[in-house]
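Here is a short briefing to read alongside your model. Take a look at the fold first, then work through the points below.

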Amino acid sequence: MIHIFRRVACLLLVATTCLWAADYPAPTEGDYSIRDFKFASGESLPELRIHYRTLGTAQKNAQSKTINAVLITHGTTGSGAQFIRPEFAGELFGKNQPLDATKFFIVLPD
């Protein structure tokens, strides 16, 4: 019985990986730190760390400025990972979709 579950799990993993690769590029994760962050109120933090995910590749112009970035923000207490689900990412980030990750550099902060 355990062998059947293992085989099914392996098949699901392979199927998910194949579907992921076909829809949009896999996300890359990273962290960005800002030292001595100051709020408009005058309060400050010694360090502000923001976790993020990106899809696609940044394209830069002659002045080294990224020209194809799209920042997707959210007002939830969740993370940017919620936008990588197929219901969202599969409809927006795939080839020839509105935010095609082969053309745009998508940034999803937490």
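Predicted model: local features only at pLDDT ≥ 70, side-chain atom pairs only at ≥ 80, totals over all residues.

**Overall fold**

- The protein has 2 helices and 4 strands, arranged along the sequence as α-β-β-β-α-β; helices (H or I, at least four residues) and strands (E, at least two) are DSSP runs, numbered from the N terminus.
- Of its 110 residues, 20% count as buried, where buried means under 20% relative accessible area, exposed over 50%, and partly exposed in between (1.4 Å probe, protein chains only).
- Among contacts in the protein with a separation of 6 or more, 57% are between residues 24 or more positions apart; contact means heavy atoms within 4.5 Å.
- The accessible surface comes to about 8100 Å², and carbon and sulfur atoms hold 60% of that (Shrake-Rupley method with a 1.4 Å probe; for residues, only the protein chains shown count as cover).

**Strand pairing**

- Strand 1 (residues 28-38) runs antiparallel to strand 2, with 10 bridges joining them; two strands pair if DSSP finds at least two bridges between them.
- Within this pairing, E29 stands opposite R53 in strand 2.
- The two strands form a hairpin with 5 residues between them, and G42 in the turn has a positive phi of about 100 degrees.
- Strand 2 also pairs with strand 4 (residues 105-109), in the antiparallel sense over 4 bridges, and L55 has I106 as its bridge partner in strand 4.

**A buried asparagine in a loop**

- N68 is found in the loop between strand 2 (44-55) and strand 3 (69-71), and N68 is buried at 6% relative accessible area.
- A polar atom of the N68 side chain lies 2.8 Å from the backbone nitrogen of Q59.
- Leaving aside neighbours within four places in sequence, N68 is in contact with T57, A58, Q59, K103, F104 and F105.

**Aromatic rings**

- The structure holds 3 aromatic pairs; rings of Phe, Tyr and Trp (its six-membered ring) pair if their centres lie within 6.5 Å, with planes under 30 degrees apart counted as stacked, over 60 as edge-to-face and the rest as tilted.
- F83 and F88 form a tilted pair, 4.8 Å centre to centre with 55 degrees between the planes.
- The rings of F88 and F93 have centres 5.9 Å apart and planes at 70 degrees, so this pair is edge-to-face.
- F83 is buried at 11% relative accessible area, F93 is buried at 1%, and F88 counts as partly exposed at 26%.

**Nonpolar core**

- The largest nonpolar core has 12 residues, including Y24, L55, I72, F83, F93 and I106; such a core is a set of buried Ala, Val, Leu, Ile, Met, Phe, Trp, Tyr and Cys residues joined through side-chain atoms within 4.5 Å.
- Beyond neighbours within four places in sequence, I72 is in contact with F93, L99, I106, V107, L108 and P109.

How values were computed: Residues numbered from 1 in each chain as written. Heavy atoms only, no water. Polar contact = N/O pair within 3.5 Å; in protein donor to acceptor, adjacent residues only side chain to side chain.
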